[in-house]
Amino acid sequence: MSTDIDFSSLPFGYFKTDYNARAYYKDGRWSEPEYTTDEQLSIHMASTCLHYGQECFEGLKAFCGKDGVIRIFRLEENAKRLVHSARGICMAPVPVEMFITMCKQVIRLNKKYIPPFGAGASLYLRPYLLGTAAQVGVSPSTEYFFGVFCSPVGPYFKDGFKPVRMQIVRDFDRAAPYGTGTYKVGGNYAASLQALVRAKAEGYSSVFFLDAKEKKYIDEAGPANFFGIKNGQYITPRSSSILRSITNMSLRELAGDMDLAVIERPVTVEELTDFSEAGACGTAAVITPVKEIVDREVRTSYRFGDGEHAGPITTALYERLMGIQNGELDDKFNWNTILD
Ligand code: PLP
Ligand code: COI
């Protein structure tokens, strides 16, 4: 099997592959998974996902190592988070085992699209769950669709591991303290779009949202969590309105292993002054070093590092994370699922 894809210049985007997976929930039970080449879905026009946002999803990656082994990073954690998101908006959860089976099979059926070791790319999986019963009243759907597709992808932020500029926004909120922030639901991303489009037009890579109640603490970026480094400490926000990033969870373990103190607590905007390094982390973003954060309304700017290179701790974390993902370093925390 061979393809003429230039894996080293892939953007983070949709790329047609051969197969995707599907399963259907009806009368209280899930169907057996199906695998199809069809890229189109046929769903009822009154589906709850279309009108009332009953939709949640996941994002995870598979990597090809130098040894040719395919490793899927923290597959079970993503399966569990989809259950959390589904419960959060009253959808039928996808059983963890079914999630795992369908993701693995989608990778196997699209093996020729897995970027080779060293291309700086990976196979991104997008599991997604939709409410599909035809309803007009606002209530949880009685029927669901669960799908998984994949795409070979390059870096989410186009420069890869190069420091970016980010913007703090105060005139938009992504999620409320008792809202849907910890669920990976489409509505949170819709809520982030106006701020994101404006920030990009103003020359920034992305935005950081603040806590919606006090506008005092850093919540997270549109597609990633925040972390900062100061005096041997890895500090990352604790908030009831952010996604529990699996990358961040992994970095906390790696940071602890590097003898950094790991601290999860509310992080004020003013505290940015004290950080020697700052970053955004997530499956798509991996670790994106941040060189400057501009607080748009307050007109303050915070700078990190020399403005050109990632700091030493951010770099060490990045190398360890990537090393485990592609099999160059020992998977001492047992994060990878080896594709059989
Ligand atoms: N925060 C948001 C809003 C995200 O969309 C993502 C991406 O999944 C993350 C954080 C990072 O989470 P993870 O590391 O699990 O991909
Ligand atoms: C991910 O990192 O997997 C995400 O879902 C972020 C983004 C592409 C929305």
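A polar contact is here a pair of N or O atoms within 3.5 Å; within protein, one must be able to donate a hydrogen and the other to accept it, and residues adjacent in sequence count only if both atoms are side-chain atoms. The structure is a predicted model, in which local features need pLDDT of at least 70 and side-chain atom pairs count only at pLDDT 80 or more, while totals for chains, interfaces and linings use all residues. Residues are numbered from 1 along each chain as its sequence is written, chains are lettered from A and ligands numbered from 1 in the order in which they are written, and side-chain values use heavy atoms, with hydrogens and water left out.

We begin with ligand 1. An N or O atom in the side chain of Lys 184 is 2.8 Å from an oxygen atom of ligand 1, a polar side-chain atom of Glu 220 lies 2.5 Å from a nitrogen atom of the ligand, and a polar side-chain atom of Thr 283 lies 2.5 Å from an oxygen atom of ligand 1. On its own ligand 1 has 380 Å² of accessible area, of which the protein covers 97% (areas come from the Shrake-Rupley method with a 1.4 Å probe). Its shell, counted as residues with a heavy atom within 4 Å, holds 16 residues, the closest being Tyr 189, Glu 220, Ser 245, Thr 247 and Thr 283. Helix 5 and strand 15 each supply at least two residues of this shell, where helices (H or I, at least four residues) and strands (E, at least two) are DSSP runs numbered from the N terminus. By class, the shell around ligand 1 has six nonpolar, six polar and four charged residues; Ala, Val, Leu, Ile, Met, Phe, Trp, Tyr, Cys and Pro count as nonpolar, Asp, Glu, Lys and Arg as charged, and the others, Gly among them, as polar.

Taken alone, ligand 2 exposes 280 Å², and the protein buries 89% of that. The residues surrounding ligand 2 include Phe 12, Phe 57, Arg 126, Tyr 189 and Pro 223, and its shell divides into seven nonpolar, two polar and two charged residues.

About 440 Å³ of space lies in the second largest pocket, and of the 30 residues that line it, Lys 184, Tyr 189, Gly 222, Pro 223 and Ala 224 are the closest to its centre. Helix 4 gives the largest share of this lining, five residues.

The largest pocket holds about 640 Å³ of space, a volume being the space filled by probe spheres set on the points, which are joined across faces, edges and corners. It is lined by 39 residues, with Phe 63, Gly 120, Ala 121, Tyr 318 and Met 322 nearest its centre.

Technical notes
1 Å grid on protein atoms, 1.4 Å probe; cavity = no way out; pocket = protein on both sides within 12 Å on 5 of 7 lines; lining within 4 Å.
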